[in-house]
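Here is a quick report on one protein model, with an eye on its fold and its charged pairs. Have a look at the structure first.

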Amino acid sequence: ASQAQLAETIADADGTILGSGAALGAAEQFQNQPWKSAPQCSSNEEVNDSLKRLKERIVEARKKLFEYTSNAMKLKRMLVKKKVVAAVFLAEGDVQRLTDDSKVLTSAAGEAGSADPATRSGAVAAGKLSVEKIARIAQASIDAARKIVVISLSELQKIPGSNREVEQDIKDSSVKLENLQHQHKVALQNAKDAEEYFHTRTSLAEVNAHIKVVVSEAKEVLSAATALNKDSDPGVGDQVQKSIMAVQGKVISAIQSVRTRIGQASIKAGIKDELQGMESELKQAGENVAKALAQFREWGDMQKSEQILSQIVAQVEVAEASLAAASEAELPLLTGLEDVAGEATEVALSECETAANKASKALSDTRACMVR
């Protein structure tokens, strides 16, 4: 029978018990009247028989009323228990729905590669909303069932007779509610963990994609630096240097970001392993950048050496030309001063001195250039 039907039956029974009790009370009061002890009554056999049968009927009616009352009390206990069972059953169903929705969210959050990121993100967001909604409903059901348990135990105390068995059943239901509360908490935590895992994996995928680009760029700058030679245009060298510096900054930033994530206390072992793998890739990228920088510096030193050598050669050529001019200016003097007119001698000496000074300066500049 439903709770409503039981309640109706109990109400009818209470009315019957109340009416029957009053009727029996009146009959007993009549039967106990002092007039029946009067001589004309006590000596009348017919009256005595009637009174005897009335007494027997009252006793029998009392037994039936007791039985009826006992059954009515059982119905009341049944109704109290039924309320508790129904409330717990509702809470169980809601908590099970929460558990199922939490599993769906966990599945959606963990299906890497099964759908594009936008689709997965939408599924996780929808799953989160569903879990939050049913979590509120389930908590309300648990709270309502707890109140019914308290009220039912109070009602049970008012029911005459032995209530031990029903009372124990209600207490068992209270324990079941505590277990449901724990299940509710676990389901919510699982949903939260799943959502965090999804966002971590999404963020990790973005970090990994960025690292792949940085690693590729490190290889590219190493290749570009290795390709530099003495015939390379200085403008190309400048561009290679800028690229190396830019990639070096990216590698340093990426390593710091990865190490920060690795250091987080809440990081899971699997995620940590992946991050450490990314760190290893970045260290290799850093080594490639260092090699590229060394190659560029070597090329730069070679370029400077070529420039210095060109300057020395130019200075040597200047010195050689100055020495040749000095030798040429000296020729008139080598023929003998007695064959040279006075004015011509002065001119020749002046030119020779000028040429010698230029030659001396040229040699000094050449030495200075070689020292630099």
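What follows covers the overall layout and then the salt bridges.

## Overall layout

This is a predicted model.

Of the 372 residues in the protein chain, 29% are buried. Take the contacts with a separation of 6 or more: 79% of them join residues 24 or more positions apart. The chain exposes about 23300 Å², and carbon and sulfur atoms supply 56% of that.

## Helix 4 to helix 5

The structure holds 11 salt bridges. One of them pairs Arg146 with Glu178, with the closest N and O atoms 3.2 Å apart. Arg146 sits in helix 4 (residues 117–157) and Glu178 in helix 5 (residues 164–226), so this pair ties together parts 32 residues apart in sequence.

Both ends are partly exposed: Arg146 has a relative accessible area of 26%, and Glu178 has 42%. Asp143 joins in too, linked with Arg146 and Glu178 in a network of salt bridges.

## Helix 5 to helix 7

Arg201 and Glu274 form another salt bridge, their closest N and O atoms being 2.4 Å apart. Arg201 belongs to helix 5 and Glu274 to helix 7 (residues 269–334), so the pair ties together parts 73 residues apart in sequence. Arg201 is partly exposed at 23%, and Glu274 is partly exposed at 34%.

Lys212 and Glu281 also meet in a salt bridge, at 3.0 Å from N to O. Here Glu281 is in helix 7 and Lys212 in helix 5, so parts 69 residues apart in sequence are tied together. Glu281 is partly exposed at 26% relative accessibility, and Lys212 is partly exposed at 42%.

Key: Residues numbered from 1 in each chain as written. Predicted model: local features only at pLDDT ≥ 70, side-chain atom pairs only at ≥ 80, totals over all residues. Heavy atoms only, no water. Buried < 20%, exposed > 50% of the residue type's maximum accessible area, 1.4 Å probe, protein only. Contact = heavy atoms within 4.5 Å. Areas by Shrake-Rupley, 256 points an atom, 1.4 Å probe, with all protein chains shown as cover. Salt bridge = Lys/Arg side-chain N within 4 Å of Asp/Glu carboxyl O. Helix = DSSP H or I, 4+ residues; strand = E, 2+ residues; numbered from the N terminus.
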